[in-house]
Structure formats: C-alpha cells, structure tokens
Amino acid sequence: MMDADDSKMDGPKPADSAEASAPASAARRTLLIGAVATSAVVSIRPALAQTAGSVLNCKIPVPERGKGMFIDPAGKLVTPDTPGAFPPSPRDFTGEEVRQALQGRNLPGTTREQSQAYLNYIRKLQNGQSGFTCYASLQMPRR
Amino acid sequence: MRHACFITVGPARFRIGSDWRAPIDQLRALYSDYPMDEVVPDFTVRLQSTSALRRYVRPQVAIAGDFMLPDAVPLPLEQGLLAAEMAMNLQMALGWRRHLLLHASAVSRHGRAVVMTGVSGAGKSTLSALLAERGWRFLGDEFVLLDPDTGNIAPFPRPISLKNAAIAAVEQEVDDDTRFGPVMRDTPKGTIRHLRPRAEWVEQMARETRPALLLFPRFGYPRAVRRMDEAESFVRLTQASTNYVALGDRGFDALTGFVRSVPACAIDYADGEEGAELVERLWSEQGVRAAAA
Amino acid sequence: MTDGWSVARALTDPASVAGLNADQWTRLLAAARALSLIGTLAEILADQPLPDHVSRVLADVRLSNQTGLRQALWEAECARMALADYPGRVVLLKGTAFAAAALDAARGRSIGDLDILVARDALDQVEALLLQARWEWVKPDPYDDAYYRQWMHELPPLIHAERDRMIDVHHTILPLTARPRPDAAALLANARALPSGLYTLSPADMICHAAAHLIADGDLSGGMRNLWDIDRLVRQFVEEDAGFAQKLEERAKLHHLHDAVARALRLAYRLFGTPAIWPIRPGTADALFLRRITAVDGWGRKTRKLTRQGFYIRSHLLRMPPAMLARHLWTKWRKGHRSQL
Amino acid sequence: MAELSFAALPDHALKRVRLGGLEAIYHAPSGITHLLAEPVPDLLDALGTIGAGRFATPRELLGQMAEHFDIQGDDPAEPPELVLGERLAELAALGLVESRRQA
C-alpha cells in the first residue's frame, strides 16, 4: 500500500532536488523531529481585545454573575460545599486591580490564597465569558 | 444627540455625541488646534446616560459608538473627557483598517521615528512627552499607524494622557500651562491629566515619517538594554496590535517588513530622565550605524 | 423617513444615494452599522460614485468583509476536518452556509459563530469529536448546561481553545420548547451537498430557517439583516427555479412555519420590495414589526424602547410555554442573573 | 491499516518570511500567522520540492530528505517514519499541509 504513491515520486524533479543540494547548502544537517518539535509551531492569536481593553475601564466578575458557585484554589468552579473553596467575590475587580495582582499584589479585600484562586479563575476565562475581554487586554507578553 | 462635535486626528475623523454639554466643551478646548469640520466621519462615538434618571442624578457616562465592547464600566460625568478619549481609542482599536495599528507611542527627528511600545504603565506615554519637550516631534502616545503600502508612520498626535507621578514630571518640563487639560482624580487609572500637543505637531499631522528604531521600554527597573531579535519583536508587536489579524496578509507584510527593517531594543530605566537619556543614546548610536552603512 | 428606512432605501436603490449630503451620509452609515448591515451596504455601493471620504470608509468595511468571510469559511473547514470520521451529514447554517454556497445573500454579510446542524442522535458523537479537536465548553454552569441539553435546539456553545471561535451545534432549527416543530429529519434529508463534503439546507428550507429565526425565535434585534437575507435568497431562488414558490409552500407547511414564512415574505416585500412570490395579504401587527425592525436613529441608537421591550418578552414567550418560562426566569432570578435587553 | 499521506499547499496559500532563526508563515486560507522553528520549515520545503498537491507518505518523504538531513527522533527504537507522520499530521491539523488517507 505504501507503493501506491511511488509513481508520483518518480516523475517529479530529481533535477530540482539536485539543485537544492547545490554546493552552498551541501553540508548535511541533523533534523530533530521528536516530540520536542511539537512546540516548533506557535500560532499567533488575535489580540483584538488588548488595546481595546487597556484603554477602557473594564471589570472582571469572579465568577460570572449568578453562577452561585465557589472557586477552588486551581480556579475551577465548584459547588459551595467543596472543602478549601472560596466564595464568589462580592464585587467585580477592575482591569487595573487584576493587572497589579498578576504582578504579585493581592486582589483588594482578599487573602493571599483567595487572591490566587481568583486569579487562577481569571486566567481560565474564555472568549464569551464576562470579563474575558478585560482580562485579554492585560495579556501583553512580558519578558 | 443633544450635544456634538467633530474632531480630525491624523487620518481619522470622529463624530462625538453626548447627552451632556460638559464633555463636549472639554473636548473643544483640548482639541482647539485640530480640524473640527462637520465631515462624514470614520467613527461615531456616543457618550450616553445609563438611564433617563441617571442623566441628572449622579450622572454616569456609558461609552458607546460604532464599535462597542462588553465589560465597559460607565464613568462619572466628571470624567466625561476620559470617557470620550477611551471611546475614540476603542473605535480606532476595533475599527481602523487603513494602517496596521500598534499600541505604542512615537516621536521623530529629521523625519525618522522612534517607536516605543509596551503595556500600560511601561512609560511609553511619559517618554514620548518628555522627548517631545526636548526637540523631538510628537507623533502620538497611544497608537502608531503603520502604512502597509509604504512602511511609513502616519502621525496620530492625540493629546497626551499623563497619569499619576508622570503629571508632575511633565509639568516641570512644560512652561505653557494652557496646554494642560483638567485634572481628573480617582479615575480607574488613577489621576489623569491631558497635555495638548503643540500646534505645529498638529499642523504637521498629515506628514508621514520613516520608522528607524523600535523600543520596548519598561519603567521602574534598573537600567538595562537588550537587543531584541526579529522574531521576538514580531510576536510582541502582533500582541500590541489590535488589527493585525483583521488586516490579513497586508498586516503580515507590514509587520514582517517593519521588524526586518528596524532595529529593536528592550530598555529598562528607573525614571523618566534616565529613559529619555537612554533613548537619545540609542538613537545616536543608531544614527552612526545608519550613516556608516 | 427614519434612519432604518434610509438604510433599506440605500440597499434596494443604490443609485438613490447620489443626492445625499454629508449629514445624511453620516446618519446612514451609523444606522447601517447599528443594524449590522454596513458590510452589505459597502458591497452594494461598491460601484456607485461616492464622496471621497464615504468611499474610503466603505473600502475599509469591504476589507473587514474579506477577513470575516475568510474566517467563517476556515471555521467551517476546521469543523469538516474535525468531523471527518462522522458518517452523517454536517449541514452549515445561516451566514456560513450562504458564504460556502456563494449565494448573493453572503455579499458583505457579517458572520458570527459557526452554526451547524446534525442529527439529534449523533449529538454525542459530534460533541466528542469536537472536544477531541480542541473545542471546549464555554459555560461551566450546570443549570445552563442542563437547560440547553434538555430544551434548546443546540448543544451548549463550544469555543475553540486556540482560535477563540465558537461553534453552535444544532439538531433542529427552533428550540424544542417552541410551538412550531420543524421536521429536523426532513431538513437533513433534503440538504444539498457542497464540493467540500459539507452540506447546506435546501433553498426552501433555508428560507424557512431564516423566517423561523426572524419571527418565531428572535426578539427581532437583528431583524433587518434577517429580512435582507430573505430578500436576497428569494430573489436568487426564484430566478433559478420557476417552481420555487410552490416548493417553499410545501416545505413551510411541513415545518409548521407557514405563518412565519408568510410574515417574513410580507415584511421583506414592504421593506425591500422583495418579489411577492406568495399573495401579499395585510397581516395584523406587520406595522408594529416594521416599527421595531427599523428602530434606529442617525447616531446608531436603538429607538422606541417600549416596542423593543415588548418584543423581548415576546421572544421568551415564543420559546417556552408560560409555566416553563416562569420556572426558567425563577431559576435565573434566584441565581442573581439579570437578563439584559 | 489506513495511512496518511501529505502534500504541500499551492504557493499562493502560504507567505513565508525568515525572522532571525525562525520563520513567520502566513496561511492565507485561515488568515492565521504561525511562527515556525526547526524542523518545520525544512519539512515544508521537502514537501514543496515534491510539488504542491502531490501526495507522499512519511516514508517517501523521509527517503527524499535523507539526501540532505540526518533525521532523528527521540527514541532510536521508534520508526522515524512514524514520528515524521505525527509531525506532519500536526501540521495538517493547522492546515499548513494537506493530508489524505491512503487506501
């Protein structure tokens, strides 16, 4: 079955291949094609919201309004009886507060652990959820 | 709407409508040097009350217009000017297609521009303001418009939005008090005060310039300079652009062309003075290299 | 003439814009944007002599149209690849379908999420394949999830982890709670194959779907664009098939959407002069519908609040029997959800 | 067992620009930009040499690439054509190469 396409391989361009291996690039190279190569493609994501959010006064509810769910340390939404989970934040956070928290400060009115849990929730926001556009606006790459 | 004005900045024309008089009056003052003809605008901006009652009682300005975003919080009427600025920025960010839009500031000298990009608070706005008071031409502190056909920068010299500590720093540099807008305290970004660009920069805003140096400044860190390679500049700029994806292959050509033709550095600096000095130094090194080439 | 009507006029009689002054242009463009018809207007006016600045604004819009079209078609292609191992029919709906079939209705149309229709008993398999191809759930809320699965005509929306684009997987074209019950199996059976291996609804079913969307399902907030779809589809299908009116009649009856289609055709006729392929009889409340549909001013603001509120409640009533509506609103309310207009 | 074979896209579908040690690639059908590191540009080149739309199996491609490259996976015990097939399938999922199932 692997021969099926061999005929196609014949026709093409042995001449071209010969050219491709012309003197300048004659040195053989080692090509690593293992699992490490999986990360050899980075797709650029749209940053449409970024400046938009940063120039706008925006807010991020934690969690989305009306969910009635608690937030576990990993930022996942869980039922209120889950041990170690935090209650919803009574107020929305502004983009600026979240930006500072991402740099190490606590979100206002929260303990260290609570702040981390909320931030983990915010990091998981997806397009379409309240606060996503705002969060996306804080996502300029830093070094 | 009850109150309205038209403002042209660089290649973009805005129509701003408001339920209240005050924000329009403030805009007219801040933009007194800009063309204000009633032309067919690129964008319509609306500053509207959140409800009929809220027009009068503790009025809140909702930001609306041709392009809108969820999550936008209304601002108190005292910050109506800020709301207008935000709304205009939003229209550009979401709707502009004639240029590749970079979230960056820029100044130029002898027709060659330094582009400075970074997150809010990185100091790009303050740096551009300081440099502009020291002999550079101010091209814009919010958006840099890169022409996909020519690779040039179209100036977009909006009033400079100074924040917090930067206000005092720049006030020291500027003699002419009438160039400052009202002080707005307790905004979502702290205290904000606008600085009107000099009339000559506004008069020259149709004149494009050639980009010569790309900087990624970062304020409040010990002084450091790092060369940035093309690929990293490219990725960072895709994330600093609100319309890169929307422009399709034109955006790709413009941005790859830009990072391949313009040297780039990340710079850290402790204060504005040091930042301005660093930019001057990199600029002259760049100039030497350009002249030698 | 309200600004909604000016948009309709510019679309149906492009030459009529010749006499507009700057203020009229300004209002027209703002209203068209608010009605999500600026893309269409830009294509329709592409060959008209226009004032310089208007022409630049509309050229930008046409660029955005290209981007939108490319993204929509690529999402469809991604869904096709993801569902390659699903043996049943995958039917594209709405804007993506118009674009994939290169229909006139696609010209300049804004296209949002990708909507597809599959057989109801295949939902689990389709869902699994999409999850495997890196689509993820948007809503983590169990109530919403259960509500969707039990009563809506679609899976809860999925979003692609990398491309940030949503897909709505439908198994019929109206919620199961709505009174008309379209024949989902017939929709699939009559679907037309595209070269890619994906499908679109048959022409008559496309109109039934658009009408269902406009009349039976929606709060009319996108009404004008919906009617424009219907106008373009009708004009094209009538030209291609002399027996189209008759076929539409049969399909509309089959799907219990005869009234909805009749209303949509009447409204399109009044607004856009769509060919009257069915006899036009005056319908009750048509005037009210048109008031709602054209309710936008020259600043792009939705006007006529009362009419709109009425239509919002109506959209809920149509989707659910009253007792269920009460239960739904109660659950939403208890959870602090504030429905937005 | 069904095996995938792969082909390069037509020239107009991709724009490729070298940026330092990496390559930026614009994929016209999707409008998505990717940044590629080694070995991806070489894989695309190799498929391109065979010709747009001409399908080759990983083994065939491997044979051709062996002229210029020493190909290495993570584990010498793994058949290289299998590893190469995985890489190519990843590129196909992004639309950067075409794939089809062999009979």
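Into which domains is chain B divided? Chain B splits into domain 1 (3-95) and domain 2 (100-292), with bounds taken from an automatic or database domain assignment.

This is a predicted model, in which local features need pLDDT of at least 70, side-chain atom pairs count only at pLDDT 80 or more, and totals for chains, interfaces and linings use all residues. Residues are numbered from 1 along each chain as its sequence is written, and chains are lettered from A and ligands numbered from 1 in the order in which they are written.

**Chain B**

Select the two domains of chain B and colour them separately. Their centres, taken over C-alpha atoms, are 24 Å apart. Domain 1 of chain B gives 16 residues to the contact and domain 2 of chain B gives 22 residues; two residues are in contact if their C-beta atoms, placed from the backbone, lie within 7 Å. On the domain 1 side, α1 (22-30) and α2 (80-95) of chain B are the elements that give two or more residues. Helices (H or I, at least four residues) and strands (E, at least two) are DSSP runs, numbered from the N terminus. The largest share of that side, seven residues, comes from α2(B).

Next, select helix α6 (residues 230-240) of chain B. It is largely enclosed by the rest of the structure, because 10 of its 11 residues are buried. A residue is buried if 20 or more other C-beta atoms lie within 10 Å of its own, exposed if 12 or fewer, and partly exposed in between, with C-beta atoms placed from the backbone. Among the buried residues of α6(B) are B:Phe234, B:Arg236 and B:Leu237.

**Chain C**

Go to C:Ala102, in the loop between α5 (94-100) and β2 (114-117) of chain C. Its phi is near 50°, a positive value in a residue other than glycine. C:Ala102 counts as exposed because 10 other C-beta atoms lie within 10 Å.

Then select C:His256, in the loop between α11 (244-254) and α12 (258-272) of chain C. C:His256 is not a glycine, yet has a positive phi of about 60°. With 18 C-beta neighbours inside 10 Å, C:His256 is partly exposed.

**Chains A and D**

In chain A, select A:Val62 and A:Pro63, whose peptide bond is cis, with omega near -10°. A:Pro63 sits in the loop between β3 (59-60) and β4 (70-71) of chain A.

In chain D, D:Glu38 and D:Pro39 are joined by a cis peptide bond with omega about 10°. D:Pro39 is in the loop between β4 (32-36) and α1 (40-50) of chain D.

Finish at D:Asp11, in the loop between β1 (4-8) and β2 (14-19) of chain D. D:Asp11 has 10 C-beta neighbours inside 10 Å and so counts as exposed. Its C-alpha atom is separated by 7.4 Å from that of D:Ala52, 41 residues apart along the chain.
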